[in-house]
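Keep the 3D view open as you read.

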Amino acid sequence: MMPFPVSTSREEKLQIVKVIKDKLLNLHGDDIVGIGIYGSTALGKEGPFSDIEMHVVSRDGVQIKGQEFIYDKFKIEISTMQENEILSQAMEIDDSWAIKAGVFINILPIYDPGHFFERLSKLPFQVSEDAVRSVMREFMIWEPYETIGKIRNNYIAGNLNYLPLGAKDLSWQTAKLIGLANRQFYCTRATTYEESLKMKSKPFGYEELAICVMEGKLSDKEHIYQLCENLWTGLNDWYKELGIEYISTELPF
C-alpha cells in the first residue's frame, strides 16, 4: 500500500490550519475579512484521510491567489474570493444548490473579527420559491429527461451493460432535485443518498433505486431497468403534485 495519503488526526489538521491562518494574516493583514474551514472538517465529521478545505475572504478590490496543494501530511484546498464575490455566489441557485450550499453555510470560523461567516451562512436560504421551481423545471429537461431516453435506447438496443451507469445518473439527478424541492442542503456528497431518503418530499420509486445504487446491487439488469422506469413515472407524478410543468404546449419562439 502506498504510504500516502497519510492518516492525520483532527488535532493535527487544526494545527496546520492555524499555521496557514497566521501566515496568511502576516502576508495580507487587514485585507483579509475572514478565514474559515468548510467541508467535513468544519462539521467535525472528517476521516483520517480527509483533506482540509478553507475559505479565505478578502476585501473588495484585493485579489489573493487560491491554492490547492499537498504539504507534509496534508492535502489542502484554499478557496479565495473577495467579499462581494462570495456573498453573490452564496445567493445563486442552480441544479447543484443542495450539494454546494453547505460550503457557504457550514463554516468553522478560524479568523472572523466582523462575524462575516454568520452573515454569509444565511444567504443560501434566501433564494425565492420561484427561482427554485424554475431551476427544477430546467434541470428536468436538461438531465433526467435525457437520461431516461438513454436508458430506454440502450435497453432496446440490448446494451444492458449501460443500465447500471444510467441508474446511477438518474438516481443522483433525482437526489439533487429532492434537495431543491425540500430547500435542504446535503452535508457532504458522501451522505447525499442517506440524507435524501430522510427528506419529506420525494418521488415514488426513488427509495428503491437509491438503495440499490448505495448497496451496489446493480447486476440484475432487467430489475434495474424497471426501477428506472418506476422512478421516471414517480418523478413526473411528483412534478404534477408540485405544480411544475416542464413540457411546453407550444413552440417558445
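## Helices H9 and H11

Start with H9 and H11, which cross in a left-handed way. Keep in mind that this is a predicted model. H9 covers residues 163-182 and H11 covers residues 206-215; their axes come within 10 Å and cross at roughly 125°. That angle makes H9 oblique to H11.

So who touches whom? On the H9 side you'll find Ala167, Lys168, Ser171, Thr174, Ala175 and Ile178, while H11 brings Tyr206, Leu209 and Val213. Sorted by class, the residues of this contact are six nonpolar, two polar and one charged.

## Helices H8 and H12

Now hop over to H8 (residues 144-157) and H12 (residues 221-242), which pack at an angle of about 150° with their axes 11 Å apart. Angles over 145 degrees count as roughly antiparallel, so that's what H8 and H12 are to each other. Their crossing is left-handed.

From H8, Pro144, Tyr145, Ile148, Ile151, Arg152 and Tyr155 meet Glu222, Tyr225, Cys228, Glu229, Trp232 and Leu235 of H12. In this contact, nine residues are nonpolar, none are polar and three are charged.

## The largest pocket

What is the volume of the largest pocket? About 330 Å³. Its lining is made of 17 residues, and Gly39, Ser40, Cys187, Thr188 and Arg189 are the ones nearest the centre.

Two helices, H2 (40-43) and H5 (102-105), each give at least two residues to that lining. By class, the lining has seven nonpolar, six polar and four charged residues.

Note on methods. Residues are numbered from 1 along each chain as its sequence is written. This is a predicted model: local features need pLDDT of at least 70, side-chain atom pairs count only at pLDDT 80 or more; totals for chains, interfaces and linings use all residues. Side-chain values use heavy atoms; hydrogens and water are left out. Axes are lines fitted to C-alpha atoms, for helices over the stretch in contact, and angles run from 0 to 180 degrees between N-to-C directions. Helices (H or I, at least four residues) and strands (E, at least two) are DSSP runs, numbered from the N terminus. Angles under 35 degrees count as roughly parallel, over 145 as roughly antiparallel, 65 to 115 as roughly perpendicular and the rest as oblique. A crossing is left-handed if the near helix is turned anticlockwise from the far one by less than a right angle, and right-handed if clockwise. Contact means heavy atoms within 4.5 Å. Ala, Val, Leu, Ile, Met, Phe, Trp, Tyr, Cys and Pro count as nonpolar, Asp, Glu, Lys and Arg as charged, and the others, Gly among them, as polar. On a 1 Å grid over the protein atoms alone, a cavity is a set of points where a 1.4 Å probe fits but cannot get out, and a pocket is an open set with protein on both sides within 12 Å along at least five of seven lines; lining residues have an atom within 4 Å of a point. Grid points are joined across faces, edges and corners, and a volume is the space filled by probe spheres set on the points.
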